Amino acid sequence: MSDRLLEEVGIGEYVRMLPKAEVHVHLEGCIPAALAGRVAREHGAASPVPIVEGRPEITSLKGLLDYLDWSCALIDRREHLEEIAYESAKRMHDSGILYADVIFNPSHWPHWRGRVGEMTRGLALGAAAAERDGYTPIGLCLSLKRQQSRAEANEIVDWLLEARPERVVALSIDGNEAAGSHNERFAEAFARAAAGGLRRCAHAGESSGADGVREAIEMLGAERIDHGVRSIEDPSVVAELVERGVPLDICPTSNVVLGVVPSLSAHPVERLRRAGVRVSLNTDDPVLYGIDLAGEYEEVAATFRLGADALSEMARVSIEASFATEELKAAISRRLDDFLAR
Ligand code: ADE
Ligand code: ZN
């Protein structure tokens with residue numbers, strides 16, 4: 001059925017219409033280029049990496065994280081946080097995203113140090129305004145950084161559980177694991193978050209190998225793995241993902257840009273999916289890479305010659321793996337069923 005629709009409307013339109021969620025996107029990578037340029041001029045600040053055609057030239061995870069530290073340090077007004085959240089929801093709506101889990105990591109935003117409550121409030125206001133205007137509903141995942149100490153991580157989780165900030169649905173961890181993943185340092189924070197009813201996701205298998213993925217599942221109790229593509233290096237980790245049904249939140253373009261894989265055609269997304277791993281497609285830092293989610297579905301479909309079945313399977317995983325309420329997940333799943341019956 002759905003293959004006929006795909007043929008009729010073409011792949012570009014089909015992937016935009018496909019009801020789906022996005023579960024791996026960083027607010028830090030969603031600062032509108034116009035806003036970043038405006039505040040950089042106000043602050044007289046020069047980017048740490050060259051800007052080419054309005055976008056930073058990023059080729060490594062280190063380069064990306066340095067750029068995020070620089071750009072997020074420019075944001076010192078609550079209206080700007082509201083604008084970033086609002087514009088993100090609006091952009092996601094254009095890709096047919098019906099719900100998004102959005103990661104933000106307060107360690108990138110020095111102006112809001114000690115004021116994470118105010119920061120979250122700004123983001124929640126922007127997200128609420130966007131939702132009222134009919135754009136993508138957002139849940140927030142507050143992220144720890146791999147370099148933080150055990151005490152800092154525990155303190156953040158204590159605050160989360162006490163303050164229960166609006167729209168925060170999950171604890172996350174991101175950053176660079178090249179100098180070690182330190183999962184044992186974060187195990188207590190994740191366990192406390194779980195006991196307090198927060199959902200959990202973790203970056204692993206990007207700058208860490210397959211072991212990092214196994215540790216994130218076993219030591220952090222991660223319900224979803226952000227990236228996880230290097231699981232492919234160890235068949236026993238792939239088997240564990242399949243057996244436990246732990247989804248991978250895969251970001252194809254990001255992996256190519258940051259050199260995790262040499263090209264899209266060499267990307268393991270399709271090998272993982274065929275092995276029975278639950279995979280969804282995501283954008284990671286879309287504004288920085290100049291991409292959108294519909295475009296990621298389209299590129300992956302073209303590269304691996306995927307039809308409606310494979311595309312809708314990944315959309316289904318994105319919805320089921322999301323941290324939306326059960327009610328919203330059921331509503332989006334019904335939209336997907338209806339779409340597939342067309
Ligand atoms: N923060 C933003 N993008 C990231 C990525 N790809 N890996 C780790 N941390 C990140
Ligand atoms: Zn990420």
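For these notes I take a helix to be a DSSP run of H or I at least four residues long, numbered from the N terminus, and I count a residue as part of the shell around the ligand if one of its heavy atoms lies within 4 Å of it. The model I am reading is a predicted one.

Entry one, the shell. I looked up which element gives the largest share of the residues around ligand 1, and found helix H4 (residues 61–72), which contributes four. The shell holds 13 residues, of which His-26, Gly-175, Glu-206, Asp-284 and Asp-285 come nearest. Sorting the shell by residue class, I get five nonpolar, four polar and four charged residues.

I then followed the nitrogen atoms of ligand 1, and noted one that is 3.1 Å from a polar backbone atom of Gly-175. On the side-chain part of the list, a nitrogen atom of the ligand is 3.4 Å from an N or O atom of His-26, and a polar side-chain atom of His-227 lies 3.4 Å from a ligand nitrogen. Taken alone, ligand 1 exposes 260 Å², and the protein buries 100% of that area. I also checked where the ligand is placed, and it sits in the largest cavity.

Entry three, aromatic rings. My count came to three aromatic pairs. One of them joins Tyr-14 and Phe-339 in a tilted arrangement, 5.1 Å centre to centre with 55 degrees between the planes. This pair links distant parts of the chain, since Tyr-14 belongs to helix H2 (residues 11–17) and Phe-339 to helix H16 (residues 326–340), 325 residues apart.

Terms used
Residues are numbered from 1 along each chain as its sequence is written. Chains are lettered from A and ligands numbered from 1 in the order in which they are written. This is a predicted model: local features need pLDDT of at least 70, side-chain atom pairs count only at pLDDT 80 or more; totals for chains, interfaces and linings use all residues. Side-chain values use heavy atoms; hydrogens and water are left out. A polar contact is a pair of N or O atoms within 3.5 Å; within protein, one must be able to donate a hydrogen and the other to accept it, and residues adjacent in sequence count only if both atoms are side-chain atoms. Accessible areas come from the Shrake-Rupley method with a 1.4 Å probe; for residues, only the protein chains shown count as cover. On a 1 Å grid over the protein atoms alone, a cavity is a set of points where a 1.4 Å probe fits but cannot get out, and a pocket is an open set with protein on both sides within 12 Å along at least five of seven lines; lining residues have an atom within 4 Å of a point. A molecule sits in a cavity or pocket if more than half of its atoms lie within 2 Å of its grid points. Helices (H or I, at least four residues) and strands (E, at least two) are DSSP runs, numbered from the N terminus. Ala, Val, Leu, Ile, Met, Phe, Trp, Tyr, Cys and Pro count as nonpolar, Asp, Glu, Lys and Arg as charged, and the others, Gly among them, as polar. Rings of Phe, Tyr and Trp (its six-membered ring) pair if their centres lie within 6.5 Å; planes under 30 degrees apart count as stacked, over 60 as edge-to-face and the rest as tilted.
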